[in-house]
Amino acid sequence: MVSYLIRNARILGGAPQDLHLADGVIQAIGTGLAVDADIEIDATGMIVLPGLVDLHTHLREPGREDAETVLTGTQAAAMGGFTAVHAMANTTPVADTAGVVEQVWRLGQEAGYCDVQPVGAVTVGLEGKKLAELGAMHESAANVRVFSDDGKCVDDAVLMRRALEYVKAFDGVVAQHAQEPRLTEGAQMNEGQVSGELGLGGWPAVAEESIIARDVLLAAHVGSRLHVCHLSTAGSVEIVRWAKSKGWDVTAEVTPHHLLLTDELVRSYDPVYKVNPPLRTAEDVQALRKALADGTIDAVATDHAPHPAEDKDCEWAVAAMGMVGLETALSVVQQTMVDTGLLNWEGVADRMSHRPARIGRLTGHGRPISVGEPANLVLFDPAYRGAVNPESFATRSRNTPYKGMDLPGRVHATFLRGRATVLAGELAEQGGLE
Amino acid sequence: MKRHLVSAADLSRDDALLILDTAEELAQLSGRAVKKLPTLRGRTVVNLFFEDSTRTKTSFEVAEKRLSADVINFSAKGSSVSKGESLKDTALTLQAMGADAVVIRHHASGAPARLAQSDWLHGSVINAGDGTHEHPTQALLDAFTMRRHLNAGLGNDLSGRRVTIVGDVLHSRVARSNVHLLTTLGAQVTFVAPPTLLPIGIEPNPDTGAAGWPCEVSYDLDSVLPKTDALMMLRVQRERMNAAFFPTEREYSRRYGMNGSRMAQLPEHAIVMHPGPMVRGMEITAEVADSPRCTVVEQVANGVSVRMAVLYLLLGGATLADTAARTDSVETVQ
């Protein structure tokens, strides 16, 4: 196995140090390390973070391989500095059986660019009517711990209660897509000043907040773990903050795009901005940033949602919802959280690696950067500045809202158990198991 | 002027007055034996209607033919669109056929804007109504009608005039276009509706600092009538009645319907308008609809003149400086 000596890298933004990676683990950390390594990297000015963990990725395989495959999705993840991703269940067929989650998990293993942890559906076919075989998915080779009907809300209060109770048997967590369905019928964007002017169906904040309020109470009632997907409103933040103040086991995530973009962009009617939950107001963006900084929001999750061109190159009403985000996530977090002084790099490591790994119960990821730990690392150049060019993406789809935008930072290298999946900003030629 | 007319908000005061003044001159044509100008001879205009609309489509078609354009009517029903063709592919087809302008009516808000911003076609895009967004030529014909009654004369705007728009503002593209255009022309706009039929964000919000729309809002029609110069009734679609926007048709009619006794509260010079089609007995009684103060039929006639003016100015490439030349051409072609 190839060994690496990384010179003068700033671990979590600290003082420059060298790291020696060999046999899949961090062998040594220090200044002026005198070791023989196959490859030496001059990392002057670069930051080392633990490999990023995404709680919310859509890999589209099986079913929509024209949008993404496990291979292309994990390549994109590696390019973004991720070493583990949770693959959402809304595939075709839905990942609601042990067979499908094992298939996705094995495809991830074979691709070898990133660990793929499948998320199991809460209900059969995401239909919200009957619990899927949650235990069987947990007992499968995929060892599922996170369950979600993401894309759809488990809006039946009884079913949600049962799911929360049931997963306690194997320390699972239900990740809720909070969207009250009746309040969002026909909704196409955030309900507010802009939707009123544009004549687009409004998606009120209360449709998200009312479900979160109900779910935190349910989770507290049954003593279970609840994770709230992609918070998008200031009100949602307040509910999660209140639940945490009660000591309840509630966690939450925010997407990079909800930290940066607002509903004002919808004025262009460009479907690249059509996303679920919708882009909200500047006040919401500020509240989300503050909550991520103070820890009310636990994690940044990409909600990477690839779509082929034809699903976006159309009028707003019929366009698919979602945007890709794996390859730009860390840059957006740098711009919105680090460069604004809200979060230091240690905080970034906490919100993008340690905490998401803990929520997903991934024991091999989100580890401290110290000797003897698995060498799951990302080497990031925060001084880089450049316009986003979707043509260079590894993901199969190009639906990014950042095209042409100057974003800071670039992933220089990603290491998965000591093996470089990305080196010098380029994808390693071969993934695969070693 | 810009190349497209997607939103009434795109029009400056000068643009709007140019259109109204041009329409005023073109209106003279309807009184002549030969109602035709050669202005758009050799130009191809496509009426691309994804949604049924006999009134607007006919109005545009008459306007296009009076300007001698080659007119193609492309209806989504029974076409490739019903077989799943996308807006993009439809637009590329029209581009290949050499369309100089596309008049588009679409059930989705923003479809004309998308078409105008895309590189799918190079001609002008004229919004003939998109979802619940805008209907700018309707606003222009409304303003044209108001000006004739309230402040007639070329170059005049609607300064100081008070316009009340009543009914389903939430779902009305006419209301959205009118609030932009009428305020640009100096009028004061008041919307009257039950709160369920008003868009979120229409009123200022001191908590968020949102300014709201450039208009006033009232839930009480009777209090607004005495200070109204033009009263515009909006159609209430039947399907709204079963969607909890208001309790019953009867209650809506009692609180927001226009009838004879309410008409008596209007100043004598005030007019009653309606974009049509009217639901008689629901939002407007026959007594009001058939009154000489109701301008519904006149609005239809004015629609042709206004749409001629828009096509003429967008496709003719005219600017303010061309006004004199335009007047000459109107005069010489008889």
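UniProt positions are given in the numbering used here, and such annotations may be inferred rather than shown by experiment. In the predicted model examined here, the annotation "domain: Dihydroorotase catalytic", taken from an unreviewed UniProt entry, covers residues 45–233 of chain A.

Chain A is joined by chain B, of which 22 residues are in contact with 19 residues of chain A. Between them the two chains bury about 1500 Å², with 50% of this area on carbon and sulfur atoms. On the side of chain B, the greatest losses of area to chain A fall on B:Ser109, B:Arg114 and B:Ile200, which together account for 34% of what that side buries. The interface contains 2 salt bridges; in one of the pairs that meet in this way, the side chains of B:Lys88 and A:Asp313 are 2.6 Å apart, N to O. Helix 3 (87–96) and helix 4 (111–117) of chain B each supply at least two residues of the side that touches chain A, and helix 4 gives the largest share, 4 residues. By residue class, this side of chain B divides into 10 nonpolar, 9 polar and 3 charged residues.

Within chain A, A:His365 occupies the loop between helix 11 (345–359) and strand 16 (377–387). A relative accessibility of 7% places A:His365 under the 20% limit, and the residue therefore counts as buried. The A:His365 side chain makes a polar contact of 3.1 Å with that of A:Thr83. Beyond its neighbours within four places in sequence, A:His365 is in contact with residues including A:Val53, A:Asp115, A:Asn376 and A:Arg417.

Over all chains, the count of salt bridges comes to 37. In chain A, the side chains of A:Arg7 and A:Asp18 meet at 2.7 Å. A:Arg7 belongs to strand 1 (residues 4–11) and A:Asp18 to strand 2 (residues 16–22), so this pair ties together parts that are 11 residues apart in sequence. A:Asp18 is buried, at 2% relative accessibility.

In chain B, a salt bridge of 2.9 Å joins the side chains of B:Arg147 and B:Asp21. Because B:Arg147 lies in helix 5 (residues 136–150) and B:Asp21 in helix 1 (residues 13–26), the pair links parts that are 126 residues apart in sequence. Both partners are buried, B:Arg147 at 1% relative accessibility and B:Asp21 at 14%.

Note on methods
Residues are numbered from 1 along each chain as its sequence is written. Chains are lettered from A and ligands numbered from 1 in the order in which they are written. This is a predicted model: local features need pLDDT of at least 70, side-chain atom pairs count only at pLDDT 80 or more; totals for chains, interfaces and linings use all residues. Side-chain values use heavy atoms; hydrogens and water are left out. Contact means heavy atoms within 4.5 Å. Buried area is the accessible area (1.4 Å probe) that two parts lose on being put together, summed over both. A salt bridge is a side-chain nitrogen of Lys or Arg within 4 Å of a carboxyl oxygen of Asp or Glu. Ala, Val, Leu, Ile, Met, Phe, Trp, Tyr, Cys and Pro count as nonpolar, Asp, Glu, Lys and Arg as charged, and the others, Gly among them, as polar. Buried means under 20% relative accessible area, exposed over 50%, partly exposed in between (1.4 Å probe, protein chains only). A polar contact is a pair of N or O atoms within 3.5 Å; within protein, one must be able to donate a hydrogen and the other to accept it, and residues adjacent in sequence count only if both atoms are side-chain atoms.
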